[in-house]
Amino acid sequence: PLNFDYRNNYPTLDQAYLLIDDLASKYSDLITVTTLGYSHQGRALKQVKISKNTGTSKPAIWIEATTHAREWVSLSVALGIMHNLVNAHGNTEKASLDLLAAFDWYINPIHNPDGYVYTHTTDRLWRKNRQIISGCGSIVGVDLNRNWDVNHGGTGSSASCSSDTFHGGSPFSAPETAALKAAVEATPNVKAFFSFHSYSQLILLPYAYTTATAPNYNVLKTMGDNAANALYEVSKRRFTVGAAAQILYAASGGAYDYFYVSRGIQYSFTYELRPSGLPYFELPAREIAAAIDETWASFVSFAEQIAVA
Ligand code: 0X9
Ligand code: ZN
């Protein structure tokens, strides 16, 4: 069995995929790993389903991480969530809720494997995927968090190939977003969706694409505040909670807005994990464990609140 210490080291793509397969074979009664699609360069996009057979159908919660290649801690947190969900079969120390009795969990821990590999081999601060686009010459890459079909091409995204927020030629022109869209939409009864990014220490609520206030903003704000308080209890770190376009910046074509606006998923959130500022995307490996533990506390709080919402 693989012995990779994901709480203190950042894995390569191969190490992360081995770790996921290893966890799945160890908890084969709970975890099913499938391939939800393929990246531009042909890498598998892994889908991890965590589900306890209780003889009842449960609402689903979807999670995606590592959309932006350089945001390595988002993968670490996704790995931490998977481990924590299965290690105590969803009954965790802090949770009053049996997380596996309440929900089926679906995780795409590395939404952008091509970009992730590139950050390990060539450019630590690469953000987009590595897609070759007709009309862009030798300039590659689509910002996967601008490629979804929600005000595509609008505010906070760029039509320029060389931009880090290049939205791509059309919605779902990136194979990664098209595949995740299809996978989520093939999942029955999705109650919540979470995207994990870094950095800034924020819990973002809809909308990102407009500064308008979302219909259930007050409910989401209360949930987010409770989650941020749970996080604070663990690490004394403050995460700010609010609508993305109001507290960060407006950005069209994002995943969590898509599921909220276009698919009617009422509980849709984006985390911006630690740090709050410097050293930005390059969170030291010695902080991974703390990032996992604080995020987990807030995530459990979200799950408990969503279960009764
Ligand atoms: O710009 C993004 O896609 C996210 N920030 S990041 O630094 N991780 O790239 C924010 C996404 C949600 N918020 C907005 N779209 N405003
Ligand atoms: Zn990001």
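**Figure 1. The disulfide of Cys-136 and Cys-161.** In this predicted model, Cys-136 and Cys-161 form a disulfide (a pair of cysteine sulfur atoms within 2.5 Å), with their sulfur atoms 2.1 Å apart. A disulfide is a covalent bond between the sulfur atoms of two cysteines. A search of the whole structure finds 1 such link. The angle about the S-S bond is -75°, and the link of Cys-136 and Cys-161 is left-handed. Cys-136 and Cys-161 each lie in the loop between α4 (113-121) and α5 (175-185), so the pair ties together parts that are 25 residues apart in sequence. Helices (H or I, at least four residues) and strands (E, at least two) are DSSP runs, numbered from the N terminus. Both Cys-136 and Cys-161 are buried. Buried means under 20% relative accessible area, exposed over 50%, and partly exposed in between, computed with a 1.4 Å probe on protein chains only.

Residues are numbered from 1 along each chain as its sequence is written, while chains are lettered from A and ligands numbered from 1 in the order in which they are written. For this predicted model, local features need pLDDT of at least 70, side-chain atom pairs count only at pLDDT 80 or more, and totals for chains, interfaces and linings use all residues; side-chain values use heavy atoms, with hydrogens and water left out.

Figure 2. Glu-71, in the loop between β3 (60-65) and α2, and His-197, in strand β5 (residues 190-198), are 126 residues apart, and the pair links distant parts of the chain. Glu-71 counts as buried because its relative accessibility is 3%. His-197 also counts as buried, at 1% relative accessibility.

**Figure 3. The nonpolar cores.** A nonpolar core is a set of buried Ala, Val, Leu, Ile, Met, Phe, Trp, Tyr and Cys residues joined through side-chain atoms within 4.5 Å. The largest has 68 residues, of which Ile-50, Trp-105, Phe-194 and Phe-196 touch the most other members. Helix α2 (residues 72-87) gives the most to this core, with 10 residues. A second, separate core has 23 residues, including Tyr-106, Ala-183, Ala-208 and Ile-265. In soluble globular proteins, nonpolar side chains tend to be buried together. Not counting residues up to four places away in sequence, Phe-194 is in contact (heavy atoms within 4.5 Å) with residues including Trp-62, Phe-269, Tyr-271 and Phe-302.

Figure 4. α6 (217-235) has 19 residues and reaches 26 Å from its first C-alpha to its last, close to the expected 27 Å at 1.5 Å a residue. The expected span is 1.5 Å times one less than the number of residues in the helix. Which residues of α6 are buried? They are Tyr-217, Leu-220, Met-223, Gly-224, Ala-227, Ala-228 and Leu-231. These residues cover an arc of only 135° around the axis, which puts them on the same side of α6. The arc is that of the directions from the helix axis to the C-beta atoms. The face turned away from the buried side carries the exposed residues Asn-218 and Glu-233. Among the elements that cover the buried residues of α6 are β7 (240-243), α8 (255-262) and α9 (288-307). Lys-236, with a positive phi near 60°, follows α6.

**Figure 5. Backbone details in the loops.** The peptide bond from Ser-198 to Tyr-199 is cis, with omega near 0°, and Tyr-199 is in the loop between β5 and β6 (202-205). The peptide bond from Pro-206 to Tyr-207 is also cis, with omega near 0°. Thr-66 is not a glycine, yet has a positive phi of about 60°. Thr-66 is in the loop between β3 and α2 and is buried, with a relative accessible area of 0%. Asn-151, also not a glycine, has a positive phi of about 50°. Asn-151 is in the loop between α4 and α5 and counts as partly exposed, at 38% relative accessibility.
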